[in-house]
Amino acid sequence: MGGDYIQLTPRQLRIIEIVKAHGPITGEQIARKVNLTRATIRPDLAILTMSGILDARPRVGYYYSGKSSQNLIAEELKRTKVKDLKSMPVVVNEHTTFYDAIVTMFTEDVGTLFVVDEDGFLSGVVSRKDFLRQALGQGDFLRMPVSVIMTRMPNIVMVEPDETVYEAAKKIIEHEIDALPIVKKVKGENNKEGIQVVGRFTKTNITRHYVELSEGV
Ligand code: ADP
C-alpha cells in the first residue's frame, strides 16, 4: 500500500484486459488485437512487466500476474468510506460505574466504550486495558466512575463518516488503538457545539472488509 501508483494509459489498460482474457498470449498476438505493430506496443509491455502487472515467459507469452490485486485493494481502501463499514457505537456516560461499564463491554461484546457528557457529547474513551490497569491497583474500583480512567478529549482519535477506510486504518495503526468513534460536529442546546458519536470503526470492520473483498462479496 505504498501509494505510488503508476499511471496506466488507456492502451496499457486495454492490453491488461486482453492478457487477462486470453493469456498466455504472445506480444505479436496482443499487437494484432490492438491493431498496432509489435514495436509500437513494446514499451507498454515493458512497463507492464516491470511493474509486475504482467509476467512474461519465453516461448509462452504474457500472462496476468494478479500482482496488481494489491493495488486494487489499496484503491478499494482509499475509495471506501468508514460510514460504509461502520458499527453501532456503544456509549456510556461519565457517571457509569466501572462495574456497569465492564458489564456493558460483555453484553455489547465490545472492547472499547465511548463516554459522553451531560449534553451527549463525546468526552472520553475507555478500553479493556484501562480497566485492567485499574484492577492492578488497590481500592474499591468497581464503584468508581469511568471518567476517572477514561482517555479524554482532546486526546481522542476520531474519524468523520466520509474519511476513507485507508485513513481510518492509518489512525488505528499510528495510535495503536482498536477502535475509533465516528463523529460529527453538531450544535446542541443553546447553540453549544459538541461532537456527536454516530458510529464505531474498529479493526474488526477492516478485517471483515478484507475477508469480504477476498471472497468477492
Ligand atoms: P485495549 O485496551 O483493548 O488494548 P486499545 O489498544 O484501543 O484497547 O486502548 C489502549 C489505550 O488507548 C487505552 O488507554 C484507551 O483509553 C486509549 N484509546 C482507545 N481508543 C482511543 C481513541 N480513539 N482515542 C484516544 N485514545 C484511545
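A pocket, as I use the word here, is an open set of grid points with protein on both sides within 12 Å along at least five of seven lines, and its lining residues have an atom within 4 Å of a point. I'm looking at a predicted model.

**Pocket.** I went to the largest pocket and found about 390 Å³ of space in it. It has 16 lining residues, and Val125, Ser127, Glu176, Ile177 and Asp178 are the ones nearest its centre. I then checked which elements contribute: β5 (122-127) and α6 (128-136) each give the lining at least two residues. The top contributor is α6, with four. By type, I get five nonpolar, five polar and six charged residues in the lining.

**Sheet.** Next I traced the open sheet, whose four strands go β3-β4-β5-β6 with mixed pairing. I looked up how β3 meets β4 (residues 112-116): they run parallel, joined by three bridges. One detail I noted is that Val91 has Phe114 in β4 as its bridge partner.

**Helices on the sheet.** Helix α5 (residues 98-108) lies across β3, β4 and β5, at about 130° to β4. I also see α6 packing on the sheet, where it touches β5 and β6 and makes about 65° with the direction of β5.

**Helix pair.** Last, I checked α1 (residues 10-22) against α3 (residues 38-50): their axes come within 10 Å and cross at roughly 70°. Angles of 65 to 115 degrees count as roughly perpendicular, so that is what I call α1 and α3. On the α1 side I find Arg11, Gln12, Ile15 and Ile16, meeting α3 residues that include Ile41 and Leu45. This contact of α1 with α3 has six nonpolar, two polar and two charged residues.

Definitions and conventions: Residues are numbered from 1 along each chain as its sequence is written. This is a predicted model: local features need pLDDT of at least 70, side-chain atom pairs count only at pLDDT 80 or more; totals for chains, interfaces and linings use all residues. Side-chain values use heavy atoms; hydrogens and water are left out. Axes are lines fitted to C-alpha atoms, for helices over the stretch in contact, and angles run from 0 to 180 degrees between N-to-C directions. Angles under 35 degrees count as roughly parallel, over 145 as roughly antiparallel, 65 to 115 as roughly perpendicular and the rest as oblique. Contact means heavy atoms within 4.5 Å. Ala, Val, Leu, Ile, Met, Phe, Trp, Tyr, Cys and Pro count as nonpolar, Asp, Glu, Lys and Arg as charged, and the others, Gly among them, as polar. On a 1 Å grid over the protein atoms alone, a cavity is a set of points where a 1.4 Å probe fits but cannot get out, and a pocket is an open set with protein on both sides within 12 Å along at least five of seven lines; lining residues have an atom within 4 Å of a point. Grid points are joined across faces, edges and corners, and a volume is the space filled by probe spheres set on the points. Two strands pair if DSSP finds at least two bridges between them.
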